[in-house]
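Here are my notes on the structure, as numbered points. Please read them with the sequence and the model side by side.

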Amino acid sequence: MVAMHGDPRFDQLRRNLMRFVLPVSIGFLAWYLLYVLMSAYARDVMSTVLFGDVNVALVFGVLQFASTFGIAIMYARYAGRKVDPLADDLRAELTGASAGRTGGRA
């Protein structure tokens, strides 16, 4: 199993994962930090009423939830294309099973 860490396919798997996780994590944390900082230091902007009882802070808060779900959906699609097939092949090799994908997860 330790030999797998030196396998170029394992390195490719890590690169594929990091290619998505790192920029999206940095982007989301920056977006969240903007929300927190604006809530703390730009209260006038955040309290601006857009319509009815809806202000900028409420829209930011709802967009935090929406972006979280959006990222989860994007990751599931990305992993299905770029991460899972390679991980399944490596797992099959490690466990001694056939290398072909059967469509199911172990």
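**Notes on the predicted model**

1. The largest share of the positive patch, three residues, is supplied by H3. H1 and H3 each contribute at least two residues to the positive patch. Its members are Arg15, Arg19, Arg77, Arg81 and Lys82, which gather on the surface. Patches are built from residues with over 30% relative accessible area and no salt bridge, like charges being joined within 9 Å and nonpolar side chains (Val, Leu, Ile, Met, Phe, Trp, Tyr) within 5 Å. A salt bridge is a side-chain nitrogen of Lys or Arg within 4 Å of a carboxyl oxygen of Asp or Glu. Lys and Arg count as positive and Asp and Glu as negative, with His and the chain ends not counted; a charge is placed at NZ of Lys, CZ of Arg, CG of Asp or CD of Glu.

2. This is a predicted model, in which local features need pLDDT of at least 70 and side-chain atom pairs count only at pLDDT 80 or more, while totals for chains, interfaces and linings use all residues. Residues are numbered from 1 along each chain as its sequence is written, and side-chain values use heavy atoms, with hydrogens and water left out.

3. The protein has three helices and two strands, in the order α-α-β-β-α along the sequence. Helices (H or I, at least four residues) and strands (E, at least two) are DSSP runs, numbered from the N terminus.

4. Of the 106 residues of the protein, 21% are buried. Buried means under 20% relative accessible area, exposed over 50%, and partly exposed in between (1.4 Å probe, protein chains only). Accessible areas come from the Shrake-Rupley method with a 1.4 Å probe, and for residues only the protein chains shown count as cover.

5. Which residues make up the largest nonpolar core? The nine are Phe10, Leu13, Phe20, Tyr78, Ala79, Val83, Leu86, Ala87 and Leu90. A nonpolar core is a set of buried Ala, Val, Leu, Ile, Met, Phe, Trp, Tyr and Cys residues joined through side-chain atoms within 4.5 Å.

6. Met18, Leu22 and Ile26 make a nonpolar surface patch of about 300 Å². Leu22 lies in helix H1 and is partly exposed, with a relative accessible area of 48%.

7. Leu58 belongs to helix H3. The C-alpha atoms of Leu58 and Ser47 are separated by 8.8 Å, the two residues being eleven apart along the chain.
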